[in-house]
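Morning, everyone. Please look at the sequence and the structure on the screen. I'll talk you through some charged pairs and then a helix.

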Amino acid sequence: MPAPRRRSRLVRRLLAVEIVTVLLTVLIAAGVSAVSTRTLVEDDEAARMLGLATALAVAPGVPEAVTARDVARLEPAAEAVRRDADASFVTIMTPDGIRLTHPDPALIGQTYQGTFAPAARGETLVETFPGTLGPSVRAIVPVRAGVTGPVVGMVAVGLLRVDVFSRVLRELGYLALGAVAAIGLGTGLAVLGARRVRRDTLGLEPAEITALHRHHEAVLHAIREGLLVLDADDRVVVVNDEATRLLEVTGPAVGKTLEELGVDPALASRLADPSPVADESLLVGERLLLVNRTRTDEASGATGDRDDSWVITLRDRTEVEQVMRALDDARSVAGALRFQAHEHANHLQAVSTLIELGAHDDARDLAVRWSRDIADLGADLRERIADPALAALVLDKATDARDRGVDLRVRGRTAASDGSDDLVTVVGNLLDNALDAVLTTAGRGVVELDLADSGEGLTIRVADDGPGLADPEAAFRAGWSTKAGGPRGLGLALVARVVERRGGTVTTGPGVDGTGTGFVVVLPSGAREPVAHAPHGDHEAGDAEA
């Protein structure tokens, strides 16, 4: 069921302002146009009167008739001009202002009312004067005997102001029609604009829009989930702090493409693929991200125009994977403890039986020998491996390998502490991969760990006698795995990322005795610090086995 339409005070105010603006604009423009039209009409009529007077003053026979004071000839000519030109009056007079023609025959012979002295001197005059017929716009020109002869008379042609005003009213009528049309058009556009504003703002008030923006910004930057919005051209429109952190973006991101931001090519390539993306795990750098991509209109549930932008969410699964890895280690330790508890029970039973038989010395030797194996292994690893975290990891893997029936052999030594978790990541993932590989074969498997520390860097070799890799190059690609079920194929990909970041190399080759797989990692010496070791027994150059 569609939501009811809201009545927005913002839209009503905008509509009122737009209509008032249209009305004021049209009225002001109409007023200015009216004044301009009146001036233009008056000037036009004055120019027309001047043209008529000038033409009549030089018309054939007029100068002679004026000189002869032949009223009978002048009166018909003047009336013909007045009627044809739609003038109010045409008056021909002597130089001293005595009328020879006039629309009112009773006024012929009387003195012309108006300014005529300049015309008597040979000049041209245009004026507005209240004459006998009423206020009029008139033009007075001299009548000469010949082209350059003396002034023998004058011609005055005028149009009453009433007639001028009638023409102004006609022009203003057209202007009024245009003003009404402009008001109607402006009002219609204002209504359409108000409806568009209501649709674009969803009928929200300014305070609601401001509150929504503040809440949007607060939520955007507070959530612990990366959020990206890409437009139809794959340019970033919205990005929050978590997305910037996860993608390791520096500087402004809005308006740039993922490629321009230097985002991991695997993520950029996946997001460029139009196929659906839902809870998909991608290795971005050394982070495992859970990626979702949805169209903006689908995510918001909006209807109407299609929105080609995309909403992308990024969830950091790295910590979850670390917790799962720690849980697996804890389970492994718990299993080892159960195994050891069972073994110790057997050992204690054997020792107890020897004591009951009176073989106290044999019982003591047996207890010391059994407890010394794991202690010697731990002491040996602490002596060989400078990094305590790495030594603890290898001891844990050795214990786990023994419990799972795998022979883990540790050779070589390291003379410096790495100072980071990189060695734990590399060695832990390689050992996990090797242990899983040998368990797929029948019988007792073998895994070898060789550590060689030189002045140029640390060389790590992990080999197994498992089935080997069908595609060694694909093994370092995120998501590739020989095992089914669950998120797989991340361990070796993480190894490759760490090695790449450290500027090292990782190669594959044959494993134990030419079978299985061997991985050789070379990490250049960086900021590692040497750690002093105290001499411990005869393990200086020996091997450790579990």
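Aspartate 422 and arginine 502 join their side chains in a salt bridge, 2.9 Å from N to O. A salt bridge here is a side-chain nitrogen of Lys or Arg within 4 Å of a carboxyl oxygen of Asp or Glu. Aspartate 422 sits in helix α13 and arginine 502 in the loop between α14 and β14 (505-509), so the pair ties together parts 80 residues apart in sequence. Helices (H or I, at least four residues) and strands (E, at least two) are DSSP runs, numbered from the N terminus.

A word on the source. This is a predicted model: local features need pLDDT of at least 70, side-chain atom pairs count only at pLDDT 80 or more, and totals for chains, interfaces and linings use all residues. Residues are numbered from 1 along each chain as its sequence is written, and side-chain values use heavy atoms, with hydrogens and water left out.

Is arginine 502 buried or exposed? Buried, with a relative accessible area of 19%. Buried means under 20% relative accessible area, exposed over 50%, and partly exposed in between (1.4 Å probe, protein chains only). Aspartate 422 is buried too, at 9%.

Aspartate 422 also meets arginine 501 in a salt bridge, again 2.9 Å, N to O. Arginine 501 is partly exposed, at 46%.

How many salt bridges does the structure hold? The count is 13. Asp407, Arg409, Arg411, Glu448, Asp450 and Arg461 form a network of them.

Now helix α12. Its buried residues include Leu390, Leu393 and Val394. Just after α12, glycine 405 has a positive phi of about 80°.
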